[in-house]
Amino acid sequence: MIRALLADLFKPDRHAARVVPRAGHTAWLTSFTAAAMTFLAVFALALSLAAGRLAERWSAALAHTATVRIAAPADQVEIQTRAVLGVLATTPGIAAARALSDADQRALLAPWFGPDLPLEALPIPRLIEVTEDPVGYDSEGLRQRLAAEAPGAVLDDHTRWRRPLAVAAGRLRLLAAVSIALILTTMAAMITLAANAALAANGQVIRVLRLVGARDVYIARAFVRRFTLRALAGSAVGAAAGMLGVALLPAADAAGGFLTGLGFQGADWVLPLLLPVLAAVIAFFATRLAAFRKLKELT
Amino acid sequence: MIAFDNVAHSYGGGELLSEVTLRLAPGSFHFLTGPSGAGKSTFLKLCYAELLPTAGRVTLFDREVRSLARDDVARMRRRIGVVHQDCQFLDHLPLAANVTLPLLVSGRAAGAQDLADLLGWVGLGQLAAALPPSLSGGERQRAALARAVIMGPDVILADEPTGNLDWEMSLRLLTLLVELNKMGKTIVVATHDLNLIRSAKAQVAARVLRIKNRRIQLAGADL
């Protein structure tokens, strides 16, 4: 079958290609469908790749850090902070531990409460930022030691934040993959409909060809090649437009938030270039199936 | 060459043709007559496997048509030229391309001189580049005949080929068919034009088959 596709595309029977009239509403319908669906597929692909990267980035960022929160009476905060730092310094698997200064904490809270927050007047717990080494640490053992040395200290290893983020990013990726599958299936359906319409509109052509001794494969080839090339061309235009659209998206730093990283990076740019090839393969098989099914209805 | 053995055909209602048994010998010339709707076109379609018999056996070139795969039918039709009253063409292709279509679909090249000779023979030498919709009825019939013979078929079937033609053009087409028969081709012409049959019998030893009461019988001397 693949050999038939390559032969039809690259060693065409130019006579077979001529027997089907070029004009017809199915011509632009096929090209337009392929272009529009590929355009959408490029964005779905970009979303899928971005969701994957986002999931990895969130997981990586949260997986190697932890926070110790110290909520103690004001006169105990410094004592317990030193105790916690001492415990952390002697815990295997901890690469670094740093108590956030008032300025650091004010900066963290500024987006929500503004820059003039009177930190000293509020019962805000002291935060210690913990960085793991690649091996990691025993979180349960650390919790027990912290409970013994600093009763007001609570270890937050980010598990409860990391899991829903990873799940959300995974679902977003799945959604994008399903979207791509639906887009390609819709493209196959539309091209099949267009091929059926073309076959019906060219009933006289088919009757004449059968009358003069044309085999089914000859007749089918005339339609298949036409539709495959139309889908390839339309899809190439759609892919180019989609890639241009992705390239023109705001830069990650400027957009921020969720849009951060939406697009293609590095070798990812090759993937949308494969969509026209995929569209051509889909058109080839969809048209071939439609053509042979239609021809079998004729004697 | 083409043999019918107790053949019947029905389109779903009653039988249009029944108990048809005959053989078309190589090089023979047959006319098939009968009133409109008698089954002349059905008989011809059975001859080139566009229809299959609902009973009996049709044999084309020693092969029973029901045993033929679709590709076999296609190859068989390259040995049978067909001319219809409402001859159909690929309207977007010029006359020359339409006439050479049987060669193209069988993967053979059309020689320019052979094509010119053929178009000259049917009197269409000046119209090679014309598109079919621009041709007159007589020109279309002759073009269809040229297309039917370009593969050098063994059999030529013509279904009311003069139905849309004036008498002069009908005689011209008949002359071409007689010439083909003299070249050894088997000819079957379905027509209800008795004058055409009489003219042909003056030129060639044609047999006349008549469809009557769903059966095909040899017509008598009353023609």
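**Note on the predicted two-chain model**

1. The crossing of α3(A) and α11(A) is right-handed, a crossing being right-handed if the near helix is turned clockwise from the far one by less than a right angle, and left-handed if anticlockwise. On the α3(A) side the contact is formed by Ala34(A), Thr38(A), Ala41(A), Val42(A) and Leu45(A), and on the α11(A) side by Leu271(A), Pro272(A), Leu275(A), Pro276(A) and Ala279(A). Contact requires C-beta atoms, placed from the backbone, to lie within 7 Å. Classification of these residues gives 9 nonpolar, 1 polar and no charged; Ala, Val, Leu, Ile, Met, Phe, Trp, Tyr, Cys and Pro count as nonpolar, Asp, Glu, Lys and Arg as charged, and the others, including Gly, as polar.

2. This is a predicted model, in which local features need pLDDT of at least 70 and side-chain atom pairs pLDDT 80 or more, while totals for chains, interfaces and linings use all residues. Residues are numbered from 1 along each chain as its sequence is written, and chains are lettered from A and ligands numbered from 1 in the order in which they are written.

3. Chain A contains 11 helices and 4 strands, assigned as DSSP runs (helices H or I, at least four residues; strands E, at least two) and numbered from the N terminus. Of its 299 residues, 35% are buried. The term buried denotes 20 or more other C-beta atoms within 10 Å of the residue's own, exposed 12 or fewer, and partly exposed in between. Among contacts in chain A between residues at least 6 apart in sequence, 88% join residues at least 24 apart.

4. At the interface, 17 residues of chain A are in contact with 20 residues of chain B. On the chain B side, α2 (70–77) and α4 (101–105) are the elements that give two or more residues, and α2(B) gives the most, with 5 residues. This side of chain B comprises 10 nonpolar, 3 polar and 7 charged residues.

5. Within α2(B), the buried residues are Val73(B), Ala74(B) and Arg77(B). Viewed down the helix axis, the buried residues of α2(B) fall within an arc of 100 degrees, so they line one face of the helix; the arc is that of the directions from the axis to the C-beta atoms. Their cover includes α8 (203–211) of chain A and β6 (80–83) of chain B.

6. Two residues of chain B deserve a remark on phi. Asp62(B), in the loop between β4 (55–60) and β5 (63–64), has a positive phi near 70 degrees and is exposed, with 7 other C-beta atoms within 10 Å. Glu160(B), in the loop between β7 (155–159) and α7 (167–182), has a positive phi near 45 degrees but is buried, with 21 C-beta neighbours inside 10 Å.

Technical notes:
Contact = placed C-beta atoms within 7 Å.
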